[in-house]
Amino acid sequence: MKIKKDFMLRTVGGQQMVVPLGETSKKLHGVIHLNEVGAFLWKLLERDCTEEGLISAVVSEYDVSAEVARTDIEAFLNSLREASILE
Amino acid sequence: MRIRLADLNMEINFSTPELSLFFSGYETAAPADFEISVTSEERKAEVDALLIPISESEAELNALYRKISGILSAYDGFLLHAAVIAVEGHGYAFAAPSGTGKSTHVRYWMQKFGDALTVVNGDKPLIRAIDGVFYAYGTPWCGKENWQKNMRIPLNGLCFFERSDRNFIEKAEPANFVSRLFSQVLLPSDSEKMALLLPVLDRFLQVVPMYRLGCTLSPEAADIAYNGLRGI
């Protein structure tokens, strides 16, 4: 899974902000505000990552069980799919 | 024709001759830092972006301003959708969704200060950081009231304006206003320009105090806002 090229993630005002670019910016108005874990997942997805890869990365980075991580990551991926952010 | 905006000289090429009047007060003879012109596709994109019909010259003006604001990201600047006033050497910006009563609020300030107050730009000032100071600039693109002056003022506060049943002003944590700032900035679609702009917005949030301003539609709203901005 990979995030489309038309997005840029940067820290602005201490917040993790995603802005749309190019054609996407004409369809998606506004910016996306991510929390720390969201930005961590986003960076992995910018390079390409499987769901299992995301789960193991989160489990090794944060103090969380694989079951909880899976539930949260699935919800996160669903919201990315709904917004057509994944390739 | 050549004009000076935001301390930059630019050669503006346009196809609608009557536009030269629009730029009066901003002409310069100094050598141009860059040249601007818009294509017919860019004009058409401006027409398509709006729900209300606009004339060819309005489309050309919108396209020109979009282009200028994009170029400004390379000069630590951007276009802020806000009204900026200058009083006692200080600049204050008021941002709000249109129809909130921003112009009415500015009128209360005009009544309070009379000739001591200048509206730098009533709707779409350019903002630029020079030696660490963020300045707001008057430009001819300024909204239907036509409030603008060819000048710059250091920006000492940005108020996010909202209608309320009481008047209040409170200093805001910049972190809580990042999304709202983004909604008031004309964002480029080009990744190079965006990569230049985002660090400028980051510094803007660090340097310029942000306020939440709740206002009734009454003249006292300007008193409360002024006292809060001056720390009185």
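Which residues have the most contacts inside the largest nonpolar core? In this predicted model, local features need pLDDT of at least 70, side-chain atom pairs count only at pLDDT 80 or more, and totals for chains, interfaces and linings use all residues. Residues are numbered from 1 along each chain as its sequence is written, chains are lettered from A in the order in which they are written, and side-chain values use heavy atoms, with hydrogens and water left out.

The residues with the most contacts are B:Phe78, B:Leu80, B:Leu158, B:Leu181, B:Leu201 and B:Phe204, in a core of 36 residues. A nonpolar core joins buried Ala, Val, Leu, Ile, Met, Phe, Trp, Tyr and Cys residues through side-chain atoms within 4.5 Å; buried means under 20% relative accessible area (1.4 Å probe, protein chains only). Helix H6 (residues 191–207) of chain B gives the largest share, 7 residues. Helices are DSSP runs of H or I with at least four residues, strands are E runs of at least two, and both are numbered from the N terminus. Beyond four places in sequence, B:Leu181 is in contact (heavy atoms within 4.5 Å) with B:Leu80, B:Leu158, B:Phe160, B:Leu201, B:Phe204 and B:Leu205. A second, separate core has 24 residues, including B:Tyr108 and B:Trp147.

B:Phe78 also lines the largest cavity, together with B:Ser69, B:Gly70, B:Ser73, B:Gly77, B:Leu186, B:Pro188 and B:Leu197. Helix H3 (56–72) and strand E4 (77–79) of chain B each give two or more lining residues. On a 1 Å grid over the protein atoms alone, a cavity is a set of points where a 1.4 Å probe fits but cannot get out, and lining residues have an atom within 4 Å of a point.

Note on methods. 1 Å grid on protein atoms, 1.4 Å probe; cavity = no way out; pocket = protein on both sides within 12 Å on 5 of 7 lines; lining within 4 Å. Buried < 20%, exposed > 50% of the residue type's maximum accessible area, 1.4 Å probe, protein only.
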